[in-house]
Amino acid sequence: MNKAIRTFFLWAYAIFYVLAGCNHFLSTAVYYVIMPKWLPVPGFLIYFSGIIEIVLGLLLLFAKTRKLAALLIILMLIAFLPAHIYMIQMAPFILGKILVTPFIAWARLPFQLLFIGWAWYYYKKTV
């Protein structure tokens, strides 16, 4: 894969996390719905995870911090798995204006693996 394409995908991945993190502040109520009830201080966790996503997305853009950011993204995505499992257990339910069916809830898990693999690529390689 040529450098221009690798750079495009790096920026796309980084922007994805920055926007996802911003969404924690713009659509906070949605995150309360998918937050497992056994987790303490859900409001703090929603905002904190948003900040972490923004910071890690930005850190991906710098060669000196990319490897660390990629590793922390992998750990973050693993930490988010309880929320995805909770969504499977709750389905069907309404999330904002979207009906999350069991199929949709289950379909999210392979995307987590894709995102982990994408971060692993940046952990192992430089762009």
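## The largest pocket

Let's start with the lining: 36 residues surround the largest pocket, and those nearest its centre are His24, Tyr31, Ile34, Phe80 and Arg108. Its volume comes to about 950 Å³. Please keep in mind that this is a predicted model.

Which elements give two or more residues to this lining? They are the helices H1 (3-26), H2 (28-34), H3 (42-59), H4 (63-79), H5 (81-90) and H6 (102-124), together with strand S2 (98-100). H3 provides the largest share, with six residues. By residue class, the lining of this pocket holds 27 nonpolar residues, six polar ones and three charged ones.

## The largest nonpolar core

Now to the packing. In soluble globular proteins, nonpolar side chains tend to be buried together. Here the largest nonpolar core has 16 residues, and Tyr13, Tyr17, Leu60, Ile73 and Leu77 have the most contacts inside it. At least two residues of this core come from each of H1, H4 and H6, and H4 gives the most, with six.

Leaving aside residues up to four places away in sequence, Ile73 touches Tyr13, Tyr17, Leu56, Leu60 and Ala119.

## A separate core

Note on methods
Residues are numbered from 1 along each chain as its sequence is written. This is a predicted model: local features need pLDDT of at least 70, side-chain atom pairs count only at pLDDT 80 or more; totals for chains, interfaces and linings use all residues. Side-chain values use heavy atoms; hydrogens and water are left out. On a 1 Å grid over the protein atoms alone, a cavity is a set of points where a 1.4 Å probe fits but cannot get out, and a pocket is an open set with protein on both sides within 12 Å along at least five of seven lines; lining residues have an atom within 4 Å of a point. Grid points are joined across faces, edges and corners, and a volume is the space filled by probe spheres set on the points. Helices (H or I, at least four residues) and strands (E, at least two) are DSSP runs, numbered from the N terminus. Ala, Val, Leu, Ile, Met, Phe, Trp, Tyr, Cys and Pro count as nonpolar, Asp, Glu, Lys and Arg as charged, and the others, Gly among them, as polar. A nonpolar core is a set of buried Ala, Val, Leu, Ile, Met, Phe, Trp, Tyr and Cys residues joined through side-chain atoms within 4.5 Å. Buried means under 20% relative accessible area, exposed over 50%, partly exposed in between (1.4 Å probe, protein chains only). Contact means heavy atoms within 4.5 Å.
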